[in-house]
Each structure stands twice: as structure tokens, then as C-alpha cells.
Amino acid sequence: MDEASSRNTTAAASSSSTTSAASLLSAPNIDELPPTYLPDGVNFPLILAPMVRCSTLPLRTLSLSHSFHLPFSEEIIDKSLLACTLSYNSFLNTYDFSKTRQLKKGKIQSICILRLLPSQPLILQIGTSSPQLSLLSVQPLLPHILGIDVNMGCPKPFSLKGGMGAALLKTPELARGIIMELVKSGKPVSAKVRLLDGENEDVIYNNTLTFINNLVKVGLSLITIHLRTINDSSHESCKKRYWMISKFVDDLNIPVIINGDVWSKQDVQEIKEKGCKGVMVARGGLSGMVKFGETGKGKDELIGDYLRLCLQFDNHFINTKYVVLEMINFRRLTDEGKEILDDTDKSKFTVKQVCGVKDYEGLCGLFGVEYVKEKEEEEEKGVERKYDDKYFLKDEEKKDEKVAKKQKIDA
Ligand SMILES: Cc1cc2nc3c(=O)[nH]c(=O)nc-3n(C[C@H](O)[C@H](O)[C@H](O)COP(=O)(O)O)c2cc1C
């Protein structure tokens, strides 16, 4: 067997699906949290947020070497997990959760939905609207994760139509049912919520508190609160809601993690002083991870490290390029985020340059990373999920148009 095919061969499935009846029945003791939930010795974790397409093994690993303590997986839908089988990848020393799809000409392709390192802390985030499916779907992964998080904040039509994500904020009984069922897994169960709607800020606070307390009653171990409602734009700062942090901490008897507009160590400190148990960072971790680390590395060095990890973990090129584009592109940030990251944290490459690159060789060449070409082999790589480069180019093209217009006027 050659190297490329042995890389993609998975050994016998692990014994992970043999969860005992006893552990199914015993809920975690919330008084012991967060220590059982968190890696040893960490009492105020900096958490890498769940980010679809981005929070895969390479970025999670990178975050752990840049002062982050605990990564969440990207959201994975319960039904997708149920279509997967777990196996040990002896070439990469990872556990791979993969499903198959049939290609044209009858060829079967195996797609890895979740790749994880046995030694690495991980919270699995799932998207679900079914208590039964949620518990079934996580069973094989239980020995490999610290906890299970339920996405109760995603505002995307796909989630809402399926009754998942932020739709659960409007179906509190179903949300409760999901937590109640997942608690039977024996793992700590958390939820990541947005704020509920309300006619003023006090009502928003109270509605959210009631919703969370309803989940606490059935065994929720930890809550992450994204300080936005479903109607708030992610381009507008949510820091006006920081007054809610200490109130949530006082009013809830489980650890509270805060999420939203954390761009710097100062932001982390400010939130810590309000008494919560940790802080979760999404866009600040993607576009500004260097701001949190102690390594003194610049953006392009960090991307170089990311590329090395993508090669090490055999990440799909299209996914790798997508994440690199997210890292150098500031289109998702608030004005404050842009300002904070703008001064020190820029890649010397443009979006156009990265979009122009079509393979690992080109991308590694751009960022000065050594690349040894291997025989092409697509099976068992991380999930590909196609996107269009135009998606990233729009902002840069708009900028170019503005500059051209200004030049015309000046002339
Ligand atoms: C690229 C991207 C993907 C995301 N995917 C998820 C996801 O899978 N699950 C989830 O709960 N939130 C997801 N979010 C929302 C973030 O986790 C976070 O709640 C939001 O971006 C606010 O945090 P921030 O201000 O630190 O970015 C995503 C955000 C981004 C930017």
C-alpha cells in the first residue's frame, strides 16, 4: 500500500459506541463545573467559538498554541453525525467521523465531517431540533469530547427552517427536551444562545434569563451568551450590552461564558472583571488570533503555521483556502474590530492574490511554507464545501472601484 492510500485508510472503529447504561443515566454534578468541563488548571478559558467551515482541526490546534484554552467544533447537524461512522486514522493519529457519498460513475467517496485529535480538548457543537436524534448522534463521540454544546443562536434560514439554532429560542419546551435528553449522555451539556427578543433592553434581559433558567432546571451545565438578538446586525457592536454580564452571573447558578465583539486582551480582561467564567471569541480569533497570543508572530507567520497544520491533518485545500481568506479579510468585523485589528494585524497579501491561488503548492509558496507534493488523493479529507471566490472579492473590488472613482475626480 502506498503512502497516500495508507493515509486514507482507516483502522477498525474505536470502542467508543459502547456507552454504558450507567453513564446514560447519571447526569453531571453541576457543582463540579467548570473543572470537569475544562482542561486541567484553566479557570478562565479563552474559547475558540464554533464557526462553520472554520473551527476544524487545524484552526482548533492553532488556537491552542495562541493562548486559547478550549476550542468548540463547528456546528454539526445531528442527522449528518448519524450518517457517519467513527474510525481511527492510523496515518494521521486522528479519529475521523466520516460518511460516504456516491459520485458519478458509481465511485464511492468518503468525506470526513469531523476530525479530532484524541489528546486535544474539544466541545462538540451540534445543530438539532430533536431530543432523540441529538442523543443518538453524539454517542460514538462521547469518549473523545469534553462536552456537548447545542447551537441555539444560529439565525441562518437553513437552521431556522429546520427548527434548529435560534428557532429553539421560540420553542423553549423543545429546547428543554433536547437538554434533558443530552444530559443522559453523562457529559456536561451546554448551550450557546443569542438574546431573546423584547421591546426594550430589560425585557430582552428577562426573557433571556427565563429561557436559560428553564434549561438549567433540566441539567444545563454551562451557558454561552452571545450578546445579540436575532435581529441585531453582527456589524454593529454589542458592547452596549456588557451591563448584562454581571447580572447574568448573579442571576444564574451555572457558569456563564460571554461572546460578542472580543477583539483584544483588554476586552477579555473587561469581561473577566464582570465575574463570568470565560470568554468566547469568533471573528477576533479568525481575523485577529495574533492579538491574543504571546508568540509575537505576525499575521502571515500565523497563516504559515495554519497551513502547516492543514498539511499535517490533510485538510481539504478548498476549505484551507476559505479559512485563509477569512483570516486576511475584515469584511465581517464591526468598525471597532476593524480599527483594533487594522494597526498591527494585516497580511501583506490581498484577497485577490489568495483567490488567484489554485492549490496547496501555490498557497504554501505565497506564505513561504515548505510543500512536498504528494500523489493526489481526495478520499477521507476534511469536508470540502464549495464556495465562490467572488464572495471574498466583492469588498476588494468595491474598494478598487472607490479608489478609481476618486482618482478620476482628483484628475
Ligand atoms: C464564519 C463564522 C461561522 C460561524 N459558525 C457558527 C457555528 O457553527 N455555531 C455557532 O453557534 N455560531 C457560529 N457563528 C457565530 C459565532 O460563534 C459568534 O457567536 C459570533 O460571531 C459573535 O462572536 P464574535 O463577535 O466573537 O465574532 C459563526 C460565526 C462566524 C463568523
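User: What share of the contacts in the chain with a separation of 6 or more comes from residues 24 or more positions apart?

Analyst: The share is 71%. Keep in mind that this is a predicted model.

User: How many helices and strands does the chain have?

Analyst: There are 17 helices and 12 strands. Of the 411 residues in the chain, 43% are buried.

User: Let us take a sheet. In what order do strands S4, S5 and S6 lie?

Analyst: The order is S4-S5-S6. This is an open sheet of three strands, and the pairing is antiparallel. Two strands sit at the edges: S4, residues 85-89, and S6, residues 108-116. Each of these pairs on one side only. On average, neighbouring strands of the sheet are turned by 40° against each other, with direction ignored.

User: How many bridges join S4 and S5?

Analyst: Five bridges, in the antiparallel sense. Strand S5 covers residues 94-102.

User: Now helix packing. What describes two packed helices?

Analyst: Two values do: the angle between their axes and the distance between the axes. Apply that to H7, residues 172-183, and H8, residues 201-216. Their axes come within 9 Å and cross at roughly 35°.

User: Is the crossing of H7 and H8 left-handed or right-handed?

Analyst: H7 passes H8 in a right-handed crossing.

User: Which residues of H7 and H8 meet?

Analyst: From H7, take Pro-172, Ala-175, Arg-176 and Ile-179. They meet Phe-211, Asn-214 and Leu-215 in H8. By class, this contact has five nonpolar residues, one polar and one charged.

User: On to the ligand. How many residues surround it, and which are the closest?

Analyst: The ligand is surrounded by 22 residues. The closest are Ala-49, Met-51, Glu-75, Ala-282 and Arg-283. Sort the shell by class and you get nine nonpolar, seven polar and six charged residues.

User: One last residue. Where is His-235?

Analyst: His-235 is in the loop between strand S10, residues 222-229, and helix H9, residues 243-251.

User: How far apart are His-235 and Asp-261 in sequence and in space?

Analyst: In sequence, His-235 and Asp-261 are 26 residues apart. In space, they are 9.6 Å apart, C-alpha to C-alpha.

Definitions and conventions:
Residues are numbered from 1 along each chain as its sequence is written. This is a predicted model: local features need pLDDT of at least 70, side-chain atom pairs count only at pLDDT 80 or more; totals for chains, interfaces and linings use all residues. Two strands pair if DSSP finds at least two bridges between them. Helices (H or I, at least four residues) and strands (E, at least two) are DSSP runs, numbered from the N terminus. Axes are lines fitted to C-alpha atoms, for helices over the stretch in contact, and angles run from 0 to 180 degrees between N-to-C directions. A crossing is left-handed if the near helix is turned anticlockwise from the far one by less than a right angle, and right-handed if clockwise. Two residues are in contact if their C-beta atoms, placed from the backbone, lie within 7 Å. Ala, Val, Leu, Ile, Met, Phe, Trp, Tyr, Cys and Pro count as nonpolar, Asp, Glu, Lys and Arg as charged, and the others, Gly among them, as polar. A residue is near a molecule or strand if its C-beta atom, placed from the backbone, lies within 6 Å of it. A residue is buried if 20 or more other C-beta atoms lie within 10 Å of its own, exposed if 12 or fewer, and partly exposed in between; C-beta atoms are placed from the backbone.
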